[in-house]
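Q: I have a model open and want to learn how to read it, feature by feature. Where do we begin?

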Amino acid sequence: MQAFTYRSGQLFAEGVAVKDLARRYGTPLYVYSRNHLRERYEAIASAMAEVKPLICYSVKANSNAAVLKTLAAAGSGFDIVSGGELFRVLRAGADASKVVFAGVGKTREEIEYALKERIRFFTCESEPEARRISECAKRLGLTGRIAFRVNPDVDPKTHKYISTGKKENKFGLDLDRTMQAYEMAAALPNIEIAGLHLHIGSQILSADPFGAALAKVKDFCLALKAKYPSFTTIDIGGGLGIDYKPDQQSLDPKVFAATVMPFLRELGLNVVMEPGRCIVGNAGILVCTVQYVKESYFKKFIVSDGAMNDLIRPALYQAHHEVWAVSATDKRVPGDLVGPICESGDFLAADRDLPDVGEGDLLAVLSAGAYGYAMSSNYNSRPRAAEVMVDGDKAFEIRRRETLEDLVRGESDIR
Ligand SMILES: Cc1ncc(COP(=O)(O)O)c(C=O)c1O
């Protein structure tokens, strides 16, 4: 579905006018479409139905409780990377047996928390981590189930900061060391070998790299399956890309499924997936109000109240987000959409044909549902934005705007 469409020249989120939301909740404002979330989840589940995957939504993409609850109600499990994310998903009513825990730097506290909550398994990033999980599990008299994350050294052809399955990346174990790692881990007390994990990167628009990664680990998985009766699962990670630009095409879950299915069929293992961006990315927009339109030597700067602290992707990854006027206009002007932050990297769109808007007008930055609010900060002492979820013709404030008091909460004076 198209969650955000124009009706009589006004941008709507499902059945609600965005300008009414901006008036009611202020800006900068994140607006999400609940039905888009549901539909994307179902699209993946139905494309992959043959292997009945456990879909573990990747919480890092957007961790708002309303998002988590919506997906949990659809049947989703969760891919987490911290004790904080575990806390969030449990608070949202997640079934811990549908939670998998990734990340290269799990602390003892986080491991013990996850063990006590009886999560499904840890995707284990190194031999020292396996030893640490074993120690923690032994101390607690519990079993740590692990799936080693393998680095298959394939190029996912995405931005280098979100490529995770190449030799030079910090993630996973080199394939040629992995068998030894399994043997070592299998001999550790209180460890059960649950499976193998792959996650090669994010915003991948072709299914080919996923096929290439599976081709590299297939025989290896079959050998592990034969060796360890508890080796029952392959976790194929996330990474399916979305269309940030009009000339891009989201990776269709059906195309993805057609590529990975022959491998999964042959493996005959339980399948876990960890999609994030492709569920929530196009479910969200960031709505901003134009503060000034400033002419400089070379170009026009549209200065909005939304900034890099609200949406850091353009500054961090040179990411492209489409910018729409909330009240439609055909007139365009070349320029940059920037925020008020004291950094030249503070832009939401650079060197673009932007809607020709003036002071007080509203702009929507599209495809902002994933890695948007979740990566926001208080830089320049800016309170974080509010978040609203639209479901049909109803809107719910799912996070209130931060106040000035929120900025200093937790700080104390030197006594
Ligand atoms: C281990 C792991 N799984 C899943 C994801 C989700 O990726 P995406 O949002 O691209 O689907 C990530 C993202 O970095 C990740 O690190």
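A: Begin with a helix. In helix α3 (residues 65–74), Ala 66, Val 67, Leu 68, Thr 70 and Leu 71 are buried. Buried means under 20% relative accessible area, exposed over 50%, and partly exposed in between (1.4 Å probe, protein chains only). Helices (H or I, at least four residues) and strands (E, at least two) are DSSP runs numbered from the N terminus. This is a predicted model: local features need pLDDT of at least 70, side-chain atom pairs count only at pLDDT 80 or more, and totals for chains, interfaces and linings use all residues. Residues are numbered from 1 along each chain as its sequence is written, and side-chain values use heavy atoms, with hydrogens and water left out.

Q: What lies at the start of α3, and what follows α3?

A: A polar contact is a pair of N or O atoms within 3.5 Å; within protein, one must be able to donate a hydrogen and the other to accept it, and residues adjacent in sequence count only if both atoms are side-chain atoms. Here, a side-chain oxygen of Asn 64 comes within 2.8 Å of the backbone nitrogen of Ala 66. After α3 comes Gly 75, with a positive phi near 110°.

Q: Which strands pair with β6?

A: Two strands pair if DSSP finds at least two bridges between them. Strand β5 (residues 54–58) pairs with β6 in the parallel sense over three bridges. Gly 77 in β6 is the bridge partner of Cys 56. Strand β7 (residues 99–101) also pairs with β6 in the parallel sense, over three bridges. There, Ile 80 stands opposite Phe 101.

Q: How do I read the crossovers?

A: A crossover is right-handed if, with the strands pointing away from the viewer, the path from the first strand over the helix to the second runs clockwise. β5, α3 and β6 make a right-handed β-α-β unit. From β6 the chain crosses through helix α4 (residues 83–91) to β7, and this β-α-β crossover is right-handed.

Q: Which way do side chains point along a strand?

A: In a regular strand the side chains alternate between the two faces of the sheet. In β6 (residues 77–80), Gly 77 and Asp 79 point one way, Phe 78 and Ile 80 the other, and all are buried. In β20, Ala 386, Val 388 and Val 390 point one way, while Glu 387, Met 389 and Asp 391 point the other.

Q: Why is β20 described as largely enclosed?

A: Six of the six residues of β20 (residues 386–391) are buried, so the rest of the structure largely encloses this strand. Strand β4 (residues 29–33) runs parallel to β20, joined by five bridges. Val 31 stands opposite Val 388. Strand β21 (residues 394–399) pairs with β20 in the antiparallel sense over five bridges. Val 388 stands opposite Glu 397 there. β20 and β21 form a hairpin with two residues between them, and Gly 392 in the turn has a positive phi of about 65°.

Q: Which residues are closest to the ligand?

A: A residue is near a molecule or strand if one of its heavy atoms lies within 4 Å of it. Here, 16 residues surround the ligand, and the closest are Ser 202, Gly 239, Glu 274, Arg 277 and Tyr 371. A polar side-chain atom of Glu 274 lies 2.6 Å from a ligand nitrogen. A polar side-chain atom of Tyr 371 lies 2.6 Å from a ligand oxygen.
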